[in-house]
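User: Please walk me through this model. Keep the answers brief.

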Amino acid sequence: MIYYFFMIYKATTCEKCGKNFDDRLDVCPHCHTKNETINKTRLDKTTYLPIYTELLLFFGGWLGFQLIGLIASLIGALIFPTDSIVYSALVNFTAYSILFLALVLTIFPNYKPLLKTFKGWKPYVFTIAGFISIIFFNLVYNSAISLFYDITDNNNESTMNALISGYPFLSIIILGIIGPICEELTYRVGLFSFAKRIHVALAYPLTIIVFALIHFDFTATNIVNELLNLPIYMYAAGVLTFLYHYFGFACSVACHITNNLFSVLATILIE
């Protein structure tokens with residue numbers, strides 16, 4: 001009853017097997033027949049997975065990363081000084097690697113709708129457009145803020161830069177590729193897709209705010225600097241969410257990877 005009230009779930013009947021299933025799914029989960037009555041407009045490229053999968057992706061990706069990181073930090077603290085780069089590498093690289101495997105296993109029974117988004121030329125053209133938009137916004141925003149405040153990297157960026165300096169090759173793989181895939185599965189395929197079932201007007205701000213806040217350090221001593229960096233993450237989240245909504249998972253994940261790889265490689269080359 002709650003599903004119907006919030007329009008989270010609406011059933012349709014498969015013409016082949018006669019069983020009911022979520023009308024937002026591309027195929028019937030029982031016999032894998034194509035859903036000819038799919039409840040999406042032509043411009044809507046959002047990938048819907050079974051509701052429990054979307055929720056598992058979000059909560060598993062969000063809380064899972066925190067839990068894995070906590071366990072890794074406890075183990076790492078027994079071996080390395082907590083203020084050392086090797087300690088940070090152990091915690092971050094381990095958390096992303098294990099989370100990546102967990103998320104891949106989560107989507108494995110329903111991976112085909114995500115793979116379909118990689119077909120065609122549009123995702124890749126708008127990947128570049130989205131990437132350029134993010135870079136342009138960052139340059140303009142940082143230039144404007146620097147007129148009245150000496151803004152620096154927030155704690156998240158500082159940690160990432162330290163990891164890149166100490167472990168450039170692993171950073172390319174983990175921070176440049178695996179990290180973005182994990183975040184797209186968690187916050188776009190998981191959170192946005194589920195929230196959009198309720199209403200798109202909820203899905204956008206919720207996804208943008210949550211994504212920005214995961215990069216915010218609430219324990220930072222310079223909270224002003226953290227707050228001033230927040231719009232950068234919010235804008236990037238808005239672009240990635242828009243790309244996912246209208247051009248599919250392939251576009252948002254490719255843009256996210258491009259942006260992160262650019263940052264990682266730029267840091268390596270500068271040093």
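User: What pattern does the protein follow along the sequence?

Analyst: This is a predicted model, where local features need pLDDT of at least 70, side-chain atom pairs count only at pLDDT 80 or more, and totals for chains, interfaces and linings use all residues. Residues are numbered from 1 along each chain as its sequence is written, and side-chain values use heavy atoms, with hydrogens and water left out. Helices (H or I, at least four residues) and strands (E, at least two) are DSSP runs, numbered from the N terminus. The protein has ten helices and two strands, in the order α-β-β-α-α-α-α-α-α-α-α-α.

User: What is the radius of gyration of the protein?

Analyst: The radius is taken over C-alpha atoms, and the globule rule is 2.2 Å times the number of residues to the power 0.38. For 271 residues that rule gives 18 Å, and the model's value is close to it, so the protein is as compact as a globular protein of that length. The radius of gyration is 20 Å.

User: What share of the 271 residues is buried?

Analyst: Buried means under 20% relative accessible area, exposed over 50%, and partly exposed in between (1.4 Å probe, protein chains only). By that cut-off, the buried share of the protein is 46%.
The count covers 271 residues, and the answer is 46%.

User: Which residues is Val189 in contact with, leaving aside neighbours within four places in sequence?

Analyst: Contact means heavy atoms within 4.5 Å. Val189 is one of the core residues that touch the most other members. Its partners beyond four places are Leu49, Glu54, Leu57, Leu114, Glu184, Tyr244 and Phe249.

User: Is Lys16 buried or exposed?

Analyst: Lys16 sits in the loop between strand 1 (11-13) and strand 2 (20-22). Not counting residues up to four places away in sequence, Lys16 touches Cys31 and Thr33. Its relative accessible area is 65%, so Lys16 is exposed.

User: How many Å apart are Lys16 and Cys28 in space?

Analyst: In sequence, Lys16 and Cys28 are twelve residues apart. C-alpha to C-alpha, the distance between Lys16 and Cys28 is 9.1 Å.

Notes. Core = buried A, V, L, I, M, F, W, Y, C linked by side-chain atoms within 4.5 Å.
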